[in-house]
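Please open the structure in your viewer and keep the selection panel at hand. The tour below goes from one selection to the next and says what is to be found at each stop.

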There are 2 protein chains.
Amino acid sequence: MEELIGYILQFGNLNKQQIELVISKGQILQLKKEDYFSEAGKIPKEVGFIVEGVVRGCYYNNTGEEITRCFISENSLVCDYVNFEADTSSSEYLQAITDCCLIVFSKKNWEELSHTIVGWDNIKNKMVQLCMYQKSRKGPVISQDATTRYLEFLENYPLFPNRVPLSYIASYLGVTQQSLSRIRKNIR
Amino acid sequence: MEELIGYILQFGNLNKQQIELVISKGQILQLKKEDYFSEAGKIPKEVGFIVEGVVRGCYYNNTGEEITRCFISENSLVCDYVNFEADTSSSEYLQAITDCCLIVFSKKNWEELSHTIVGWDNIKNKMVQLCMYQKSRKGPVISQDATTRYLEFLENYPLFPNRVPLSYIASYLGVTQQSLSRIRKNIR
DNA sequence: TGCGCTTTTTACCATTTGGTAAATGATCCC
DNA sequence: GGGATCATTTACCAAATGGTAAAAAGCGCA
């Protein structure tokens, strides 16, 4: 749990008792590679924090193709938060792409923290908003060519090429597998 | 101010007195076409709500090219909110691309609403998070070809081609002006 | 109205990327 | 270990997009 606490304390202060309370509300969840954390068409039921592993956000476009929209790895929240809050159904899947260890909070427990810890809402919203902000900044830039997008991807996620299949990275970058394979070859 | 109040009440309830308080903290701001609402490298000082007009988010990439990252129009918040909250400097410009009428809240006034209206923080955070969420969903999809991106842009922003220059739309969609012009021609 | 300026369109060709298919490489399971 | 399955690379050609340049259209202003 230390990772989670360290993460939270970036956004505000909690005393020992409050930290204990947060810990008591979280549960360990192990996901196997390919397991879903949440699914398109369903209402997200939990907020997660990734202790170990990589999760991707993905959906199927109107031609049935599977598109990877984002990658989320250690020390980050994972949740379709707007739909979690509003009890509305999600439009994407959140899927483990390696074996993962998460700390998860049920909606009930997550809300109880708001009621019992003064200042929790402030911390919570800063966390959520920073996550959303970073997601929008770390993603591939549409006006760059595919090679540049891949090079920037490597800077943002240096370890990923070893951890996740090429096909996921290709769809994330908006190119075909073949093109990405060619780009890799030309870089060397 | 009715537009603003209608917008806010989507996210929670306020009584008449509270509505008056919100109104009293907002100020009208008229922007001329090409004026900046906030600038890269500076700390955002205000939250805005667009009553009339179109604003774009843009920045200069490492080759000095100007990239339009998003469009924001009527009945929407406009603010680099994470940097506004954290008093950190923004990485992009928010620029009026038509004459605009905004209602703006200084940081001081915005924070006073939190202190004086119970439940304001809840409303505020829902507004901000929905804005961030929508921005991430309305944008061009990198895995689609340029024609599809333009067609979806037209669905999301049907009136824009008449209101904003082609060059902004082109950089938003990640294509050159020439390509976008050709795409327009082929669609007809 | 006519001039100068900016925006948009068009044309040409070079380059990048996609689609299809096959070959190679890696992994899993029996 | 061997065979089946999946992931990645390579090749070939077609299609889409970019770069440069010039023409046409639109717009503000005297």
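Begin by selecting chain A and chain B together in this predicted model, and look at the contact between them, to which chain B gives 17 residues and chain A gives 17 residues. If you then colour the side of chain B that touches chain A by residue class, you will find nine nonpolar, six polar and two charged residues.

Next, show the two chains as traces and compare them as copies. Chain B can be laid on chain A by a turn of 180° with a shift of 0.0 Å along the axis, and the RMSD is then 0.0 Å. The two copies are therefore related as by a two-fold rotation axis. The same surface serves both copies, in that 100% of the contact residues of chain B recur in chain A. To find where the axis passes, select B:Ile142, whose C-alpha lies 3.0 Å from the rotation axis and which comes closest to it of the residues of chain B.

By class, the surface near DNA strand C holds four nonpolar, eight polar and four charged residues.

Finally, select DNA strand D, which has 16 residues around it, with A:Leu166, A:Ser181, B:Asp145, B:Ala146 and B:Ser179 coming nearest. Here the helices to colour are helix H8 (166–173) and H9 of chain A, together with helix H6 (146–156) and H9 of chain B, each of which supplies at least two residues of the surface near DNA strand D. Which helix gives the most to the surface near DNA strand D? H9(A) does, with six residues. When coloured by class, the residues of the surface near DNA strand D divide into four nonpolar, eight polar and four charged.

Key. Residues numbered from 1 in each chain as written. Chains lettered and ligands numbered in written order. Predicted model: local features only at pLDDT ≥ 70, side-chain atom pairs only at ≥ 80, totals over all residues. Nonpolar A, V, L, I, M, F, W, Y, C, P; charged D, E, K, R; others polar. Contact = placed C-beta atoms within 7 Å. Near = placed C-beta within 6 Å. Helix = DSSP H or I, 4+ residues; strand = E, 2+ residues; numbered from the N terminus. Least-squares fit on C-alpha atoms with pLDDT ≥ 70 in both.
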